[in-house]
Amino acid sequence: MGRILAAGAALLVGLGAALAQSTSPDEQARGLLEDGRTYRRDGKLKQALDNFNTIVTGFPGTESVDDALLEIGRYQMEVEGNADKAREAFEQVTKRYPQSDGAPGAYYYLGLLTLERATGSAELDDALAQFARVQRLYPRSEWVARALSGTALAHRKAGRLPEAVEAARRVALEYPSSDGAPGAQFQIGHALALMGEPRQAMEEFQRIRSRFGSSPWAPLALDRITALYRLYGGGPPVFVLDPAYSAGAGDLLKDVRAILMTPTRTLWIASDKMKGVVPVGPDGKLGTSLSGADVRSLALTASGDLVVAARTAVRVGPRDLRSYSVPTDKPGVTEPLEKIEAAVVTPGGATLVADDKRKRVCRFDDKGQFLGPFPDPKERQVSRLAVDGEGGIVVLDREQKTVQVYNESGRLLRSVAPRGAGWELKRPVDVAVDPSLNAYVADEEGAVYVFSPAGQLLATITGELRKPKALTLDPTGAILVYDEKHEKVLKYR
């Protein structure tokens, strides 16, 4: 009996030691990290953040701290949109844990943060330097493929399209099984389209469908192929009315001021009659509307938030309502903008507001402070603003009857003249730009014109159009036009 009791005691001691060993700080921290990542995947973001913060504060000496800081930075960047807090978390990883497996990811995200807000060559060079550190310091890391993709994006943003193709092709060829390979292949096609090589671009997009058919990039590639083939598939492009298309009904289609199609195929309709903006889903069902009197224009931020410009205020997303004031001739005295025509948020974080009273576009920082006129103090009667896929600021001047595109520093990139061979803009009211930088201009006199990036006329749509008031593009390049006479949205494919 004594031997049995002794053996039992020894077994209990062994189990206790094993239990203590299984709950060591490192294992506890790893468990919190895994649970946090699971919470994040399941959309339980607060619980995820709590886990990551617990690791940093409660288990500072464990091997999971760098990964937790990386996740905290991602949360601040992707969920909260707080670039400063995200940068702080990433820099802690690079400075305190430079030999950890989280360090290359931190350098990658630092590059991405800089790239997203880059407005000049200095910021673009900084982003490239961060991506280069991943490749040079951690050549065997899984983050190298992402860093090369970031390098491609930085070159594209700088206008160095051949370099962008080269960097993206390295990902597709050297890391074909990586998560970033389909996106890199997409970037190759996109850059070639911007270079004026639509047929090569279509071939590269088709490779995504062939090699990565189950990837989320495959349907996007099909959309791009469809849009490019419509314009460059052979012969002059022809747009045909789709008689089966319908979007909205009744009062929603009365007194429409703007329409906007999102990448997820939700059509937003701004209707004075409805005193707000109403989303129409791909299935034709109406979603939750946003109230607003006298809405003038619609736009999207780089992150996909809806920008609604009304006469006296601008709404960014569902809850962020902003009013703006500008200095007067009297020192220290400001005056609110009360005749807003259009507004956009630039990739660099500034807000541009077209003021019909002062006939200028006013530039404000992310805190609403007035920075000055854009692109210069010249008077402009701007009725529409947009941001194209490369960050260009698209300005429609209804008095000068021109469309001009500027970069964030105010340098003119390209333009559409008021008249040329085969066209004359008489009463331009709206403009949209596709991913290949072709411009689509709606004219109240009963036409929609399609122009190449060089300002050459590609196509003219008339026929059923009576009085176009607004237009937008769907992801396949089809044109949606609200016609005031018909009181409906017409779709041209």
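D483 stands opposite K488 of strand β27 in this predicted model. The strand belongs to an open sheet of three, ordered β25-β26-β27 with antiparallel pairing.

**Three-stranded sheet**
- Because β25 (468-473) and β27 (488-492) are the edge strands and have a single partner strand each, one side of each lacks a neighbour in the sheet.
- From one strand to the next, the twist averages 25°.
- Five bridges join β26 (residues 479-483) to β27, and the pairing is antiparallel.

**Aromatic pairs**
- The count of aromatic pairs comes to 13.
- In the pair Y108 and W143, the ring centres are 5.7 Å apart and the planes are at 40°, so the pair is tilted.
- This pair links distant parts of the chain, since Y108 lies in helix α6 (residues 103-116) and W143 in helix α8 (residues 143-157), 35 residues apart.
- Y108 has a relative accessible area of 12% and is therefore buried, the cut-off being under 20%.
- W143 is likewise buried, with a relative accessible area of 9%.
- Another tilted pair is formed by Y449 and F451, at 6.2 Å centre to centre and 40° between the planes; both residues are buried.
- One aromatic cluster consists of F90, Y108, Y109, F131 and W143.
- R146 places its charged end over the ring of W143, 4.3 Å from the ring centre.

**E71**
- E71 is part of helix α4 (residues 65-80).
- Beyond its neighbours within four places in sequence, E71 is in contact with R37, R40 and F52.

Notes
Residues numbered from 1 in each chain as written. Predicted model: local features only at pLDDT ≥ 70, side-chain atom pairs only at ≥ 80, totals over all residues. Heavy atoms only, no water. Pairing = 2+ DSSP bridges. Helix = DSSP H or I, 4+ residues; strand = E, 2+ residues; numbered from the N terminus. Axes fitted to C-alpha atoms, helices over the stretch in contact; angles between N-to-C directions. Contact = heavy atoms within 4.5 Å. Phe/Tyr/Trp six-rings, centres within 6.5 Å; stacked < 30°, edge-to-face > 60°. Buried < 20%, exposed > 50% of the residue type's maximum accessible area, 1.4 Å probe, protein only. Lys NZ or Arg CZ within 6 Å of the ring centre and 35° of its normal.
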